[in-house]
Amino acid sequence: MAEERPKININSLSDLKNTTDDAIPNYLNSVGYRQIHTITNIRLALGFTACAIAAIAFYYDYKFGFEAAKTVTLYSVVSYFALNTLLTYWVWGVEAGTIYVGEKDGVRIKLSTHIEKHSPIYHMMIEISGRNVSKGKHVVQVQEPFTHWFDEEGYFVSKPLQNFLESSIPDLAAKKAIKSVRAEKLEQIEERT
């Protein structure tokens, strides 16, 4: 049985953004980038540690009673609050909309996206660093309407998004240009014969 493509509500900007954000890592991984999960791993570690502290406090209180667990509960609440404050800072300050961090041939890319309220425009900031990058870091900001890769019925069309990424990410844009020159030369050779 063929897999059915999910239909997206084209009036929901968050659905459009989330679907687009989910498609980008799959494409970049398919063209040779290796995704780096450090940012996500730190977020998960902070969240799971906070949950573990809450579980330990609950277990200690359940096992020994409230009076015996007052001190443990106090330290647990303070630790839980501190970890969740750190987690909130991490999500808003460090991640800041980051949807992908990857590396290929010594070049590291970081993609961050956002949308503005009531505007169907997809904004992307691409940070490129590593060898062959002058001044340590190169930042590219691009934007495109969601209508370029969602049809009027709400179905996602991947090829236009791939074209947008290929023209926006310098490494992919260079390879796309080389491919088109090669294709043009092959076409000229075929015309001559």
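**View 1. Residue A54 in helix α2.** In this predicted model, A54 is part of helix α2, which covers residues 38-64. A54 has a relative accessible area of 37%. Because that value falls between the 20% limit for buried and the 50% limit for exposed, A54 counts as partly exposed.

**View 2. A54 and S76.** Along the sequence, 22 residues separate A54 from S76. In space, their C-alpha atoms are 6.7 Å apart.

**View 3. The two spans annotated in UniProt.** An unreviewed UniProt entry gives the feature "transmembrane region" for residues 42-60 and for residues 72-92. In the model, residues 42-60 are 100% helix and 0% strand.

**View 4. Helices and strands along the protein chain.** The protein chain contains five helices and five strands.

**View 5. Contacts and surface of the protein chain.** Of the 193 residues in the protein chain, 31% are buried. The protein chain exposes about 13000 Å², and 58% of this area comes from carbon and sulfur atoms. Contacts can also be sorted by separation in sequence: among those between residues at least 6 apart, 56% join residues at least 24 apart.

Technical notes
Residues numbered from 1 in each chain as written. Predicted model: local features only at pLDDT ≥ 70, side-chain atom pairs only at ≥ 80, totals over all residues. Heavy atoms only, no water. Helix = DSSP H or I, 4+ residues; strand = E, 2+ residues; numbered from the N terminus. Buried < 20%, exposed > 50% of the residue type's maximum accessible area, 1.4 Å probe, protein only. Contact = heavy atoms within 4.5 Å. Areas by Shrake-Rupley, 256 points an atom, 1.4 Å probe, with all protein chains shown as cover. UniProt positions renumbered as here; feature names shortened; annotations may be inferred.
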